[in-house]
Each structure stands twice: as structure tokens, then as C-alpha cells.
Amino acid sequence: MKNAAQTLTLLAAGLLASNALYAASAELRYGFKDGATYLVKQQYHDVSTTVTTMNMMGQEKTLESRQNRSTSSSWQAKTKRSGNSITLDVNYGKQQGGDRWGDPSSGSGEKIYGNSSAQVTLDSQKGMVSLSTKPADDPIVDLIYRSRFFWMPRLPTKRLKVGDSFTYDYTMQSGMVTMKGEDEYILDEVSGGNAYFTVESQMLTVIDYSKMYQQQEGLPEGAGQMMVGGMTLAHQGEGAAIFDLKEGIFVEREMKTAYTSKKSETPGMMINRMNGTTRDRWEMERR
């Protein structure tokens, strides 16, 4: 009897340990509810310094400028779901984000995005599969909407234990801008129905000046070739993200990033050198 009791005690202890280990793990899947509306809010702060060296008629001049800007915006998405396929109809500035976030229906944001919209297709594990925007021929609008979904990464197929990580590589290209990034999500804690991650990020942004001029109408033929060169910015940072396991969405993501230009020049005319820091915070909730 004594041996039997000891065996039961060991089995119970093993079961409790197994349950504790399972509770300290998480399976991540996007769970957008069919017919639900979601509100996404963003705050962005950028502080930078640019040093420009210009060569004009054989004389070299150096100018230094500083920039300190903050923006806020909100986005509303209506969901349609069929199995693992999720479609989001996204509009900018259709709902005020509140005093903390400002009103996206006024100011420059309204002029840029006010009449725009997007349809995004997500997979419950793969993240964004496709995106189409209106107006369809505006590369800036396309890039802006794509940048709203890079923080919905491709999720791992396996269940994660605390200490595990997964990596998400992404590329965004539109017009003269190409961005290539890598985010590593490290699972720190699973509690209260949420999975808490540390996020380590690096990104390279390449801007081709000539494409900016090629896109403009009314310029003389060959004007695009007059503006050559470009800018390459290297970004590196760290932050945190929270995934709501019941809702199946990242409800918060905040990153602090430092960046510096590796190259920025117009041959024979000017050379720019830039460095700065950004703070980018997102929140998502089901309404």
C-alpha cells in the first residue's frame, strides 16, 4: 500500500509539473472574428539629425538640420472569415482614436489617406497573404498600408515554450522605397491569457531618388536620369509585443529603434549623413 501511495504521489506530481509546463507555453494563431470591427492605433516619434555637404561651383558647404516630429493615427478594419482565410477591409481615419491618439480625420493625414482604403487577406498562421489598395496606382498609399501589417508576422507552426523564439523576415517595396527587415520574437511569459514577447528588430531601407522623378508627370524626357544616387538607412532596435491568445491578435507592440545612413548622395552635388531614433507604438482592439 505504501509503495502504491508513493507511486500515485509521483504520478500526481508529474501531472502537475506537466500542466505547469503546458501553461507556460502558447500556440499562436490569428483569430479575427467573422463580422467584427477592429481599431488599430499608432503613435510614432522620430528625432533625427541630418548633415548635408554640398559642392556648388567648386565651393563646399555643410549644413546641419534637426528634426523632431510626432504623429498619431487610427485605422478601422472590418473582418470576413472563412476557415483559415481572413479578409480585412481597412479604412483610415473613420473613427477618432481619443485624446491620447489625436483625431486622424484632420490635418495632413486626412489629405494623404482620407479617400484611401485597402483589402488585406491574412492566413491564421502565415499572416498577410495579399494586399490591394485604392487608389491602386499610388505607390505611397500602397507602402503605407503594407507598413501597417508587417507587425502581423508569419506565426510558428509549433507550440512555443517560454524561452523559445521565432523569426519573421519581410520585404516591402513600393515606388522608390524598398524595406527589408527581420524581427525575432522571444517568448518571455504566458499569463492571464496573454503571451508576452521581447522583439529584436533590424531593417534596411533603400531609397532610389531617380524613381521619385520618373514617377512625376510633366518632366522633360530623361529628367529621371539627372537625379541619381540614393539613401540607405540601417535600423536596429528592441521592443515588446503582447499576443492575446483568446482573441488571436497582437494587442500591443512598441519598438525603440536607432538608425543611421550608410549612404546618401547625389554624385557631384551633395552628400547627406543622417542618424536618429524612433519610438513606434501600436495597439489593436476588437470593438
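Start by selecting Phe-32 and Tyr-38: both are buried, where buried means under 20% relative accessible area, exposed over 50% and partly exposed in between, with a 1.4 Å probe and protein chains only. Before you go on, note that this is a predicted model, in which local features need pLDDT of at least 70 and side-chain atom pairs count only at pLDDT 80 or more, while totals for chains, interfaces and linings use all residues. Residues are numbered from 1 along each chain as its sequence is written, and side-chain values use heavy atoms, with hydrogens and water left out.

**The aromatic rings**

A search of the whole structure turns up twelve aromatic pairs. Rings of Phe, Tyr and Trp (its six-membered ring) pair if their centres lie within 6.5 Å; planes under 30 degrees apart count as stacked, over 60 as edge-to-face and the rest as tilted. Your selection, Phe-32 with Tyr-38, is an edge-to-face pair, 4.9 Å centre to centre with 75° between the planes.

Now pick Phe-243 and Phe-250. Why is this pair edge-to-face? The ring centres of Phe-243 and Phe-250 are 4.9 Å apart and the planes sit at 80°, so the pair counts as edge-to-face. Phe-243 is buried at a relative accessible area of 1%, and Phe-250 is buried too, at 2%.

**Strands side by side**

Next, colour strand S9 (residues 177–191) and strand S10 (residues 194–208). Helices (H or I, at least four residues) and strands (E, at least two) are DSSP runs, numbered from the N terminus, and two strands pair if DSSP finds at least two bridges between them. S9 and S10 run antiparallel, joined by 14 bridges. To see one of the links, click Ile-186, whose bridge partner in S10 is Thr-198. In the hairpin of S9 and S10, two residues lie between the strands, and Gly-192 takes a positive phi near 60°.

Then bring in strand S11 (residues 230–244), which runs antiparallel to S10 with 15 bridges. Ile-207 has Met-231 as its bridge partner in S11.

**A bond to zoom in on**

Jump to Pro-135, in the loop between strand S6 (127–134) and helix H3 (139–147). Is the peptide bond from Lys-134 to Pro-135 cis or trans? That bond is cis, with omega near 0°. Most peptide bonds are trans.

What is the volume of the second largest pocket? About 220 Å³. On a 1 Å grid over the protein atoms alone, a pocket is an open set of points with protein on both sides within 12 Å along at least five of seven lines, a cavity is a set where a 1.4 Å probe fits but cannot get out, and lining residues have an atom within 4 Å of a point. Of the 14 lining residues, select Met-128, Tyr-168, Asp-169, Tyr-170 and Thr-171, the closest to the centre of the second largest pocket. Strand S8 (165–174) gives the most to this lining, with five residues.

Last stop: the largest cavity, with about 90 Å³ of space. Its lining includes Trp-75, Arg-148 and Trp-282.

How values were computed: Grid points are joined across faces, edges and corners, and a volume is the space filled by probe spheres set on the points.
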